[in-house]
Amino acid sequence: MAMQMLPPDWPGNFWAHWAIFAVAILVFVLLMVMVFIWFERRALAVMQARLGPNRAGPFGLFQSAADALKLLIKEDIVPAKGDKLVHWLAPVVAFVPVVLIFAVVPFWGGAILADLNIGILYIVAISSVTAVGIFMAGWSSNNKYSTLGAMRQVASVVSYEIPVVLSVVGVVLLAGSLSMQQIVAAQDIPFILLQPLGFLLFFCGALAEINRAPFDLTEADSEIVAGFFTEYSGMKFGLLFLAEYGEALAISAIVTTLFLGGWRGPLLPPFLWFLLKVGLVFFVIVWIRATVPRLRIDQLMALAWKFLFPLALLNLLITAAEILFWPAVSLWVFVPINFAVMIILVLLWSKFFKLGWGKVEV
Amino acid sequence: MKFERYGLGIAKGLSVTIRHLLRRPITTQYPEQRLNVSRRIRGNELIWNKDKCTGCGTCAKACHIGAIHISTSTNLVDNKYEVQKYEVDTGYCIFCGLCVEACPFEALFLSYDYECARYRRNDLFQDREKMVETSERKVSGYFYPGRAAKLPRQSLLVDNDRGKRNGR
Amino acid sequence: MATSTKEIVINTEPFVVNIGPAHPSTHGVFRMRTTLDGEVIVDMEPVFGYLHRGLEKLAEERTYTQVIPLTDRLDYLASMSNNLAYCLAVEKLAGIAVPERAEYIRVIMAELQRVASHLIAVGAFLNDCGAFMTPILYMLRERERILDLFDMVCGQRLTYNYMRVGGVSQDVPDEFIPALKKFLKEMPGWIDEYERLLKENEILLARSKGVGILSRGLAINIGASGPVLRASGVPWDIRRADPYSVYDRFEFDIPVGLAGDCYDRYRVRVEEMRQSLRILRQAIKGLPRGQVRSEVPHLIRPPIGEAYGHLEGPRGELGFYLVSDGSIAPYRFHVRAPTFINLTALADMMRGWKIADAILIFGSIDICMGEVDR
């Protein structure tokens, strides 16, 4: 398949490339976050038999802009006994890594800020920094709900990093490269077909890392009010919120790149394909949020260590064996095999869930 | 060996939520779309019929908040009672409708209107002039089925006649 | 060989978290002063009284009829049941008979109210589990259908003030019965939809099965009632145990849970909705014609004495205890609020569970602060 690839330093000048893409990524992130917030609110509303925001602009499209404006002019409140510097720094620490992730996300062939040869590793490394920001936010607020939320966040990020990375390794094995660009180029068959279990594990882990339902314990509004958000107001809250949705956008983009074939697709221009797939992944995230209840913190840990982690190891083993022993066999053969393996493993591992655990004698 | 808890329940739930994408939302866009309220609505004002009222004060006695003030004097010329003052403080009123039920002469009604928010507490005070039935201040059919029959039919969610929606 | 394994004991400070009085899931102004060890609840102290309005004392200054609007404001999610319970007490006190048609209308209203209240209870419980607004919005949609019917009958959606001593305030309008039939026809389908949405959801099962167990013995000892008691395996329903109104004429089952956990309480409520629909169908069939209000003097003066009227409200045994001194106002007016008594088991149910479970257990009791604090 002949792919239209832009030269790596399009439009020809190194610095021009940097400037153009840096601006483009910032605009893309901010714009898409606004669109996503609107999209989530509308989609959730329709799934909940109501309308959602429909007053500001056509179809309520400017609702996010109006909200952002409102946040800008709101008073910024810092808790009296909070750590002022950390409280101020936390939203920045949370938001910056989210934007940095997009440096290695290919929007279409060659349209990438920096085609690092360790792209996916870079993403894994940089995305964990957000957790630090969130912990700072929780700790500096001097609020018990915030502290609880921050502790939950750290616990979940630390445990979910492992299955996420392990399931990414399966993709890397298949693609033979860590570069995001190369991973997309290798997907003549979208990796979701070759790595169904890996996709499932990655998606679960990613949802937990970005605190989306059913793993939204960090800001579980029915339990700990708003978690680390509780003491934030004004634009600092806006930044944290932006980081939150930026992460969702980033995860959608990464899933698209790793498993859904990135920008590749027939007929439509590559960038549109990319956006379409990102939107689809985000829709699934919203759809899940509209349906499922929330896990408890120990169940969250148990899911990571008892379910995702062993399955991720097995998945890695099976993928490695397939690549090592049958390198000549067409990859299409592995599609049904891998699906069968996924179903069997998930069925088997579901046995390990028992109900009514978690009580501690006091 | 029975397999359970592998995600079937979640899938069923997902199917329910996705099906709602095709359904019409049940909410109405209030100021633009208005539903017909109940014919017996206990609206936010009281309406008083000056001609039928004898000034017996039963309504004031029935009111357990004490929102109705009535004072009557004797008209010695015609040898009958005359209402001197009839006022209701709807800021106190809880719209229970007991006064309407108590009135033996069909002189007191609840109104059909429900948008009676005011900027000042004093504006909630209804004196004689504000209690007369007019074209804007319609009478509800509460406790008077004959009057209720003349009012427009209530729009019910069970009938799905909540009007055409806009702003989708 | 004696090896001493030295246990490392880390002394940690207890972490006191005030849940409430203003918290997203305290369903009103209730405060739980929880002592945590990490996320585990070591101790919990409920704090009541933020919504105290002195309702019992207010009622003693009003005539028997004037108290009815006050009872609306007790359990504002089940005003019809409150009205009915109070009227039952006064009728017992004054020995007033109720016409047949009024009895049937009362049963219809009480059962509709039970469905409406359980919809809120189940929806709020699932919302507390973290199912973001979806179940409660679906259930509010169906509650809206019931509120439409109530609105049609008595002109208001929350504080109905519909029952009167010796009957009901006015007959149902002509369009009520067709609308109710239509509702009964479509409601089972909606309940099935809720069941599909979350009944078998693995996360919900993991969260609520075996969580917050209220043992049969404790439930009886604290005097729990309603779905909370029945979920613990006690088939106690006042509609069956001490039939009031015309409940002895209807066929219905009493759903009972086995484990007494949050999931059972949820299941019992859903099943009760189905049973209520069954009663409603029978009540429509048997609805006679005639008077809806017996001749009762304007100012009721019951003879000196006392009476206790109770019924199976949506939340448990709702009772009104009245003492009369022969005047037009009750001498003593006491409410046996079911949720207040159910709440006394809260600390025992919560101890040892995580803070996330605390919210769940609290939600599964289904409280209404208007009733708890009075």
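User: How many bridges join E2(B) to strand E3 of chain B, and do they run parallel or antiparallel?
Analyst: In this predicted model, E2(B) and strand E3 (residues 80–89) of chain B run antiparallel and are joined by eight bridges.

User: Which strands form the open sheet in chain B, and in what order?
Analyst: Three strands form the open sheet, in the order E2-E3-E5 of chain B, with antiparallel pairing. Strand E2 (68–75) and strand E5 (125–126) of chain B are the edge strands, each pairing on one side only.

User: What holds strands of a sheet together in general?
Analyst: Backbone hydrogen bonds pair the strands of a sheet, in either a parallel or an antiparallel sense.

User: Zooming out, how many helices and strands are there in chain B?
Analyst: Chain B has four helices and five strands. Read from the N terminus, the elements of chain B follow the pattern α-β-α-β-β-α-β-β-α.

User: What is the radius of gyration of chain B, against that of a compact globule of 168 residues?
Analyst: Chain B has a radius of gyration of 24 Å, whereas a compact globule of 168 residues would have one near 15 Å. Along the principal axes, the C-alpha atoms of chain B fill a box of roughly 95 × 40 × 35 Å.

User: And what percentage of the residues in chain B are buried?
Analyst: Buried residues account for 33% of the 168 residues in chain B. As for contacts in chain B between residues at least 6 apart in sequence, 77% join residues at least 24 apart.

User: Where in chain B does pLDDT stay under 50?
Analyst: That stretch is residues 161–168 of chain B, for which the model has 16 contacts beyond four places in sequence.

User: Changing topic: how many residues of chain C are in contact with chain B?
Analyst: On the chain C side there are 29 residues, in contact with 28 residues of chain B. Helix H5 (134–154), helix H6 (176–199) and helix H7 (202–208) of chain C each supply at least two residues to the side of chain C that touches chain B.

User: Which element gives the most to that side of chain C?
Analyst: H5(C) gives the most, with eight residues. By class, the side of chain C that touches chain B comprises nine nonpolar, nine polar and eleven charged residues.

User: Cys154(C) is in helix H5 of chain C. Is Cys154(C) buried or exposed?
Analyst: Cys154(C) is buried, because 27 other C-beta atoms lie within 10 Å and the cut-off for a buried residue is 20 or more.

User: Which residues is Cys154(C) in contact with, leaving aside its neighbours within four places in sequence?
Analyst: The contacts of Cys154(C) are Arg40(B), Tyr160(C), Asn161(C), Tyr162(C) and Ser169(C). Separately, the C-alpha atoms of Cys154(C) and Gln170(C) are 8.0 Å apart in space, with the two residues 16 apart in sequence.

User: What about strand pairing in chain C: how many bridges join E2(C) to strand E3 of chain C?
Analyst: Seven bridges join E2(C) to strand E3 (residues 40–47) of chain C, and the two run antiparallel. Asp37(C) stands opposite Val40(C) in E3(C). The hairpin of E2(C) and E3(C) has two residues between the strands, and Gly38(C) takes a positive phi near 70° there.

User: Over how many bridges do strands E1 and E2 of chain C pair?
Analyst: Strand E1 (residues 15–19) and strand E2 (residues 31–37) of chain C pair over five bridges in the antiparallel sense. Phe15(C) has Leu36(C) as its bridge partner in E2(C).

Definitions and conventions. Residues are numbered from 1 along each chain as its sequence is written. Chains are lettered from A and ligands numbered from 1 in the order in which they are written. This is a predicted model: local features need pLDDT of at least 70, side-chain atom pairs count only at pLDDT 80 or more; totals for chains, interfaces and linings use all residues. The radius of gyration is taken over C-alpha atoms; the globule rule is 2.2 Å times the number of residues to the power 0.38. A residue is buried if 20 or more other C-beta atoms lie within 10 Å of its own, exposed if 12 or fewer, and partly exposed in between; C-beta atoms are placed from the backbone. Two residues are in contact if their C-beta atoms, placed from the backbone, lie within 7 Å. Ala, Val, Leu, Ile, Met, Phe, Trp, Tyr, Cys and Pro count as nonpolar, Asp, Glu, Lys and Arg as charged, and the others, Gly among them, as polar. Two strands pair if DSSP finds at least two bridges between them. pLDDT is the predictor's confidence in each residue, from 0 to 100.
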